[in-house]
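This briefing gathers computed features of one protein chain for a reader who will work from the coordinates. It moves from a loop residue to the helices on either side, and then to other loops, a pocket and the chain as a whole.

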Amino acid sequence: MRKEILYMLLIGTLSLSFAACQKNNPESTTKEREITERKITLNVRNPKVEISKQFEQMVQAYERENPHIDIQIETVGGATDDLSDLKAQIAAGTGPDIFTNTGYENAKLWRKYLEDLSDQPWVKNAYKDTLSPVTFNEEVYGMPINLEGYGFIYNKDLFKQAGISTIPKTLTELREASKQLQKAGITPFANGYYEEWILGVLLSNIAFAQQEDPNTFIKNLNSGTEKITNNQQFKDIIDLLDLTIEYGNDNPLTTDYNMEMNLFATGASAMMLQGNWVQPMIDQISPDMNIGFLPIPINDERKNDALVVSVSNYWVVNKQSTPEKKKEAKKFLNWMVSSQQGQTFLTEKFKFIPAFKNIESNHSGPLANDTLAYYKEGKTMSSNWFHFPVGVKEEFGSSIQLYVGKQLDRDQLLQEFQKSWNSAASQ
């Protein structure tokens, strides 16, 4: 017993001595004080709800390497409006240090808040043309988040169960596949039409992408020499929309992003209109799910056999932030795409398709693989919402929701598209 007491006293004395040494170590104390005093807080607006947890893990890894940095994350997107409060924050001078911008018209609109990133190391590694939407007068104002592709994601096992051996590439073939799925007791489509962006961005874009020359079509819409009301491709996307409603889940207007994902990932539905960005969400619900991409056929023409592939968003640095914060914000963005740890998060955790030549993408999942396969075969369509007048895609989405809810007929929907475009283009 006496030995145990002496031992405990000895340990206690040594612990106190060690603590005292630490406390009195001027070098250690000074270093800790310096880190505390120069702690810099960066506010980052993450638009990817699909990777919110993985993004937080990446930030924690960065903070461990950079203890003088504290990164506060605000995740937006999905069912959340990701712009209304940002405008208010920026106007008040309290906006985030890093946020995102879609480029083209939006980059012009926000340009006075965008820091010039032309001298950043990652610029030379970006794939050709990926920087065009954020380049003005040869100055680069945004870093691509990733390459993204979208189409109909389908469950290969359910297709096999229904006896479908050939991927549908026309609207007629898609209808036949839907009939077979329904006959096998499987709901063909998971429709999350509560989300106006699925309708106003993903679906509406196909009407523009299928034009002979999308850019000229948009210019002609702006000048009034082209009309949506008599355009065949707009009539065709309504045909596709009707097909998804006829063979889709009940209550599509109250089905949000998460509900749609659950319907698909649990095998309750066989297809959904989405992009490769949902791979992490599917993996969380059903790891190793046997899935792939189908094209989005709006008619029976051969050019339907393509996916939409583009850079949908760019990281930007707030020009209003302090010089010290802007320096650290640029350092963080560069770390994401140049360090081994950052690259691992991008490809293995986020399942991103990198927009940079120096990043391998062997672990991004089947949706990324299909996107790259279509991309390499040149079977792609363009994203055109970057060129829309501000506010149009939101109004398109709302109008389509009214159509889905039977408050508008086909002709009225086309007229609403035209009114929205005319109004936005005139401002």
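In this predicted model, Lys-351 is found in the loop between helix 14 (340-349) and helix 15, where it has a positive phi of about 60° although it is not a glycine. Lys-351 counts as buried because its relative accessibility is 18%, and the cut-off for that class is under 20% relative accessible area.

- The buried residues of helix 14 are Gly-342, Gln-343, Phe-345, Leu-346 and Thr-347, and they pack against helix 3 (52-65) and helix 13 (323-338).

- Within helix 15 (residues 366-376), Leu-367, Ala-368, Thr-371 and Tyr-374 are buried.
- Seen down the axis of helix 15, these buried residues fall within an arc of 125°, so they line one face of the helix.
- In general, an α-helix has 3.6 residues a turn, so residues three or four places apart point the same way.
- The cover over the buried residues of helix 15 includes strand 7 (148-155), strand 9 (269-275), helix 12 (279-285), strand 10 (291-294), strand 11 (307-310) and strand 13 (380-381).
- Just after helix 15, a positive phi of about 75° is taken by Gly-378.

**Two other loop residues**
- Asp-288, whose place is in the loop between helix 12 and strand 10, is a residue other than glycine with a positive phi, near 60°.
- Asp-288 is exposed, with a relative accessible area of 77%, whereas Lys-351 counts as buried at 18% relative accessibility.
- Tyr-113 lies in the loop between helix 5 (105-109) and strand 4 (135-136), and with a relative accessible area of 14% it is buried.
- Once its neighbours within four places in sequence are left aside, Tyr-113 is in contact with Ile-90, Phe-99, Val-317, Asn-318, Lys-319 and Gln-320.
- From C-alpha to C-alpha, Tyr-113 and Gly-95 are 9.8 Å apart in space, while they are 18 residues apart in sequence.

**The second largest pocket**
- The second largest pocket holds about 420 Å³ of space, and of the 22 residues that line it, the closest to its centre are Tyr-104, Asp-129, Val-309, Ser-310 and Val-311.
- Helix 9 (214-223), strand 11 and strand 13 are the elements that give two or more residues to the lining of the second largest pocket.
- Sorted by class, the lining of the second largest pocket has 11 nonpolar, nine polar and two charged residues.
- Domain 1 (40-145 + 312-338) and domain 2 (148-310 + 382-425) each supply at least three residues to the lining of the second largest pocket.
- Strand 11 and strand 13, which contribute to that lining, are also among the elements that cover the buried residues of helix 15.

**The chain as a whole**
- The protein chain has 17 helices and 13 strands, and buried residues make up 51% of its 427 residues.

Technical notes:
Residues numbered from 1 in each chain as written. Predicted model: local features only at pLDDT ≥ 70, side-chain atom pairs only at ≥ 80, totals over all residues. Heavy atoms only, no water. Buried < 20%, exposed > 50% of the residue type's maximum accessible area, 1.4 Å probe, protein only. Helix = DSSP H or I, 4+ residues; strand = E, 2+ residues; numbered from the N terminus. Arc of directions from axis to C-beta. Contact = heavy atoms within 4.5 Å. 1 Å grid on protein atoms, 1.4 Å probe; cavity = no way out; pocket = protein on both sides within 12 Å on 5 of 7 lines; lining within 4 Å. Points joined across faces, edges and corners; volume = space filled by probe spheres on them. Nonpolar A, V, L, I, M, F, W, Y, C, P; charged D, E, K, R; others polar. Domains from an automatic or database assignment.
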